[in-house]
Amino acid sequence: MTATNERLLTILPAWNEAESITAVIKEIQQELPDADILVVDDCSRDATAAVARAAGAKVLRLPYNLGVGGARRLGYRYAAERHYDIAVQMDADGQHDPRYVRDMVDALATADLVIGARFAGEGAYRVRGPRQWAMRLLSVALSAIAGTRLTDTTSGFRACRGELIEFYSRNFPVEYLGDTVDTIVQTRRSGYLISQIPVAMRPRQGGTPSASPAKSVIYLLRSGLALLLALVRR
């Protein structure tokens, strides 16, 4: 996977994930015994921070809820300040399988950012309706920008190394969908290479998903706005 002297940090933003976080941490420890695990607690109302710390993770707790973008930026800042060679961002609900991290890290040999893609031929994960339309629109537009085919541009399962860790520690977007859409645009415009590998997505291990028909329509509208803002931003 990595050279023996390379240090890897997994970054898990978490908001009210006390129910699932222990299982997620234990699985990462089993699959990636040499990796460090950082949980960024986004001002949870439950015992996420305490549970994560008890499971053996490093924990940073935000005093205010900043959203996933703000939590990830703090994670990258932690990685940059402590000179990690590779950073892998994952969700704290158990949907991202750490067994794919080895393949993602291997893919960093020819790219600066590797995305774990749900719609690239592996697994049975599906979305429908307005959410599917939005994801397809984003994939077409962002593939053109990235100069390579990207099928899952909203995936939060990503790996990067070196200079890009430092770049994200200063520039990682905190706006809605900025942590996915805007990062691809700014990463490519800054001269970094992007690729993807196929991954299978799993059901949540705990907590309650926020999806609903009304929210799917809102997602479609916000996706278009996020893409427009990403394209006009310098």
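This is a short talk on the salt bridges in the structure above.

A word on the source before the details: the model is predicted. Searching the whole structure gives 10 salt bridges. I will go through some of them, beginning with a pair of sequence neighbours.

Glutamate 81 and arginine 82 join their side chains in a salt bridge, with an N to O distance of 3.6 Å. How accessible are the two partners? Glutamate 81 has 53% relative accessibility and counts as exposed. Arginine 82 is partly exposed, at 38%.

Now to aspartate 97. This residue counts as buried, because its relative accessibility is 3% and the limit for buried is under 20%. Its side chain meets that of arginine 99 in a salt bridge, 2.6 Å from N to O. Aspartate 97 also forms a salt bridge with arginine 202, where the closest N and O atoms are 3.7 Å apart.

Where do aspartate 97 and arginine 202 lie in the fold? Aspartate 97 is in the loop between strand E4, residues 86-89, and helix H4, residues 101-107. Arginine 202 is in the loop between strand E7, residues 194-198, and helix H8, residues 213-232. The pair therefore ties together parts that are 105 residues apart in sequence. On the accessibility side, arginine 202 is partly exposed, with a relative accessible area of 21%, while aspartate 97 is buried.

These contacts belong to a network. Which residues are linked in that network of salt bridges? They are Glu27, Asp97, Arg99 and Arg202.

Methods:
Residues numbered from 1 in each chain as written. Predicted model: local features only at pLDDT ≥ 70, side-chain atom pairs only at ≥ 80, totals over all residues. Heavy atoms only, no water. Salt bridge = Lys/Arg side-chain N within 4 Å of Asp/Glu carboxyl O. Buried < 20%, exposed > 50% of the residue type's maximum accessible area, 1.4 Å probe, protein only. Helix = DSSP H or I, 4+ residues; strand = E, 2+ residues; numbered from the N terminus.
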